[in-house]
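Opening the notebook on this one.

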Amino acid sequence: MEKRFPTIAELYQRLKDECPDFPQVCSTTVKKWVKDINFIYRKLENRPILMEVNAIAAKRAEYLYAIKRYRETGWNLFFTDETWCGANHSKKFGWVEYITPENRDSFNQYRGTIQEINGYRGGIKRPSGAGQRIIILDIGNENGFLPGCSKCFIGKKGSADYHDEMNKQHFEEWLRYVLGVMPDKSVIVLDQAPYRTMLNPEFRNPTTAWRKADIIEWLNKRKVQVPEHFDTFDQMTRPSLLQLSRMYNYKKQYFLEKVVNDVRQDKVKRLWLPVAHCEFNPIELIWAYVKNKVAKLNTTFKIKDVLDLCKATLEDVPKSVWANCVHHAKKVEDMYREKENLIDVAIEPLVINLNDEDSDDAVIDFDEDDLEEHSDNDDNECI
């Protein structure tokens, strides 16, 4: 409440100053007492539920209601997303040997292949940086990836963001194919990336960037009557035309919806993930699994070899891994539903941790080596 980060030392001093009967103990004992009353030292959450923007909370509640309704009514849920894998992608954890002057040897086999840094020897030497990127796009559910829908290609050199590689044209081509093989009564769950949320150009609304002639053309298309005291729209100023157009704006219509309706009508629907809630998407865990497998096998650090590794790994993801990832996402949804109920009855503002320190909800059916890298995997940061 004082907007300070408490420490054991500060707490100890405060207790001694304000509590005359506080016993003479060491700070280690105070730290133990703090732990005994269920305080833990951990990474602070940057999205405490009670401090979220109302609009985000409302969209989250809408999503949780919608996805539960689809499940209860027998719809097939498919989750999609894109990720990237660098040519120099390699394991970040592994066994290394501590070298001292006494046990150092000059075994020639080590030279040129095994790296030695700061007295530790181990790991495969690899180039610096991420290298050229492989862009991956796919879709699946608890039964595995949708067959034949994997899109995996080498990205352009010098691209600042891998999202730039997956533009509207690429995504539309891929989506039309996916819609053709997707079963009836299916729902595509996807995030709100810019190339997915592009508005249908046939239903664009005027903005401040529009020229006056374009606004007039739009008003005529909408069959808007010229206001009183004016003979034509040309007599009006541009700000007045913009103000008038807002009264007749089209309802927001996405280009993606047009594609879905053109190909499958009402047999396939789309469901937007709420902003900043990628933990609802089980494919994020799948990406962590795939990239960890690629990191183990990548020894050449050549982009074409990594492309082949990515394709092979995507084909070999077990259905059990997908099933466990989807199950974990469901548990996260239930956790949010429970927290939402707590918010509705809360009287005083409290910060509720979304993840217990010892929770095993995020444990997926990987082996020990698969799990060890997840804390440093960029696709798993939001889980």
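Patch rule first: I join residues with over 30% relative accessible area and no salt bridge, taking like charges within 9 Å and nonpolar side chains (Val, Leu, Ile, Met, Phe, Trp, Tyr) within 5 Å. Areas are Shrake-Rupley with a 1.4 Å probe, and for residues only the protein chains shown count as cover.

Ground rules: this is a predicted model, so local features need pLDDT of at least 70 and side-chain atom pairs pLDDT 80 or more, while totals for chains, interfaces and linings use all residues. Numbering runs from 1 along each chain as its sequence is written, and side-chain values use heavy atoms, with hydrogens and water left out.

**Surface.** I found a nonpolar patch of about 320 Å² made by Val 96, Tyr 98 and Tyr 120. Tyr 98 sits in strand β2 (residues 97-98); strands (E, at least two residues) and helices (H or I, at least four) are DSSP runs numbered from the N terminus. Tyr 98 is partly exposed at 49% relative accessible area, on a scale where buried is under 20%, exposed is over 50% and partly exposed is in between (1.4 Å probe, protein chains only).

**Overall.** I get eleven helices and nine strands. Of the 383 residues, 37% are buried. The protein exposes about 23,900 Å², with carbon and sulfur atoms supplying 52% of that. For contacts (heavy atoms within 4.5 Å), I looked at residues at least 6 apart in sequence, and 74% of those contacts join residues at least 24 apart.

**Salt bridges.** My criterion is a side-chain nitrogen of Lys or Arg within 4 Å of a carboxyl oxygen of Asp or Glu. The structure holds 14 of them.

- Glu 257 pairs with Arg 270, closest N and O atoms 2.5 Å apart. Glu 257 is in helix α7 (residues 255-264) and Arg 270 in strand β9 (residues 268-272), so the bridge ties together parts 13 residues apart in sequence.
- Lys 258 bridges to Asp 262 at 3.1 Å. These two are four residues apart in helix α7, about one helical turn.
- Asp 36 and Lys 32 also meet at 3.1 Å, N to O. Helix α2 (residues 27-36) holds both, four residues apart.
- Arg 71, Glu 333, Asp 334 and Arg 337 are linked in a salt-bridge network.
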